[in-house]
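This report looks at aromatic rings and how they pair. The sequence and structure are shown first.

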Amino acid sequence: MDDPERAQAYLRLLRDDAPPYEELEPTDQSYTRMLFFNLWDNAGGFSSFQEGLESLRPQWAFRDELRQLLSHVIERADHFPIPLPGRLSRVPLKVHSAYNRSEILAALGVARFGGQMPRSFAQGVQWVEELQTDALLITLEKNEKDFSPTVRYKDYALSPTLFHWESQNSTAADSHTGMRYRDHAQRGSHILLFMRRYKNTDIGKPQPWILLGPATYEGHTGSKPMAVTWRLKYELPADVWTYSAITAS
């Protein structure tokens, strides 16, 4: 975790005197949903966010350790988080910060009680109707063990502001989804790119995605899959640009 605002929000939610979910401001309610699905990516058998928070109250040692970890990562954050602009400003995600699958889906309103659980999410694209947003989750280096040849798309940075991305094999350039990608600016919808280098970390846990931020359509070639060039609103951090361009060879 490298977003100090999110870490501070989680710290507030882990306090002994944390207010009930219903009394929280909308932003802190969003952070509550992110923390909840981070801890229980299949809802954990709970029927409400408050029920999950209440279950943590007697878990003093767990909350204390988590607070120590959060305080530690706040001090070590090395990217400057940028709030999302415009109509996406109410989404509690920061450009150039890292998020796991549960946090992304919760922040976008996809993960919810009675709906999709983060644990069941396997695809690399998600259309969010309420936000009029396409979220593209990209893994740069795809190995044979985790990715079949049919989904080993060629994704890489062309420059600090241009990114080459391949759609799903089923997406034709003239399909509803393909046209939504191409015409998103005219339609008023948004594109958010999330990227990670590997599927798993060195200890075998899923690597989080970095939010590269909003992007706009520059052009494409081909169909099924479409090879799309996106222009990023914000330049890639120098370290991210260094490794994200490697796969272009």
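A charge sits over a ring if NZ of Lys or CZ of Arg is within 6 Å of the ring centre and within 35 degrees of the ring normal. In this predicted model, arginine 180 lies over the face of tryptophan 127, at 4.2 Å from the ring centre.

Rings also pair with one another. Two rings pair if their centres lie within 6.5 Å, and by this rule the model has 15 aromatic pairs. Two of the pairs are listed here.

| Pair | Distance between centres | Angle between planes |
|---|---|---|
| Phenylalanine 37 and phenylalanine 113 | 6.3 Å | 45 degrees |
| Tryptophan 165 and tryptophan 230 | 6.1 Å | 50 degrees |

Planes under 30 degrees apart count as stacked and those over 60 as edge-to-face, with the rest tilted. At 45 degrees, the pair of phenylalanine 37 and phenylalanine 113 is therefore tilted. This pair links distant parts of the chain, 76 residues apart. Phenylalanine 37 belongs to helix H2 (residues 26-39), while phenylalanine 113 is in the loop between helix H5 (101-107) and strand S4 (125-128). Phenylalanine 37 has 0% relative accessibility and counts as buried; phenylalanine 113, at 27%, counts as partly exposed.

The planes of tryptophan 165 and tryptophan 230 are at 50 degrees, so this pair is tilted. Tryptophan 165 lies in strand S7 (residues 162-166) and tryptophan 230 in strand S10 (residues 227-232), so the pair ties together parts 65 residues apart in sequence. Tryptophan 165 counts as buried at 3% relative accessibility, and tryptophan 230 counts as buried at 0%.

Ring pairs also form a cluster, which links Tyr21, Phe36, Phe37, Trp40, Phe46, Phe49 and Phe113.

Conventions. Residues are numbered from 1 along each chain as its sequence is written. This is a predicted model: local features need pLDDT of at least 70, side-chain atom pairs count only at pLDDT 80 or more; totals for chains, interfaces and linings use all residues. Side-chain values use heavy atoms; hydrogens and water are left out. Rings of Phe, Tyr and Trp (its six-membered ring) pair if their centres lie within 6.5 Å; planes under 30 degrees apart count as stacked, over 60 as edge-to-face and the rest as tilted. Helices (H or I, at least four residues) and strands (E, at least two) are DSSP runs, numbered from the N terminus. Buried means under 20% relative accessible area, exposed over 50%, partly exposed in between (1.4 Å probe, protein chains only).
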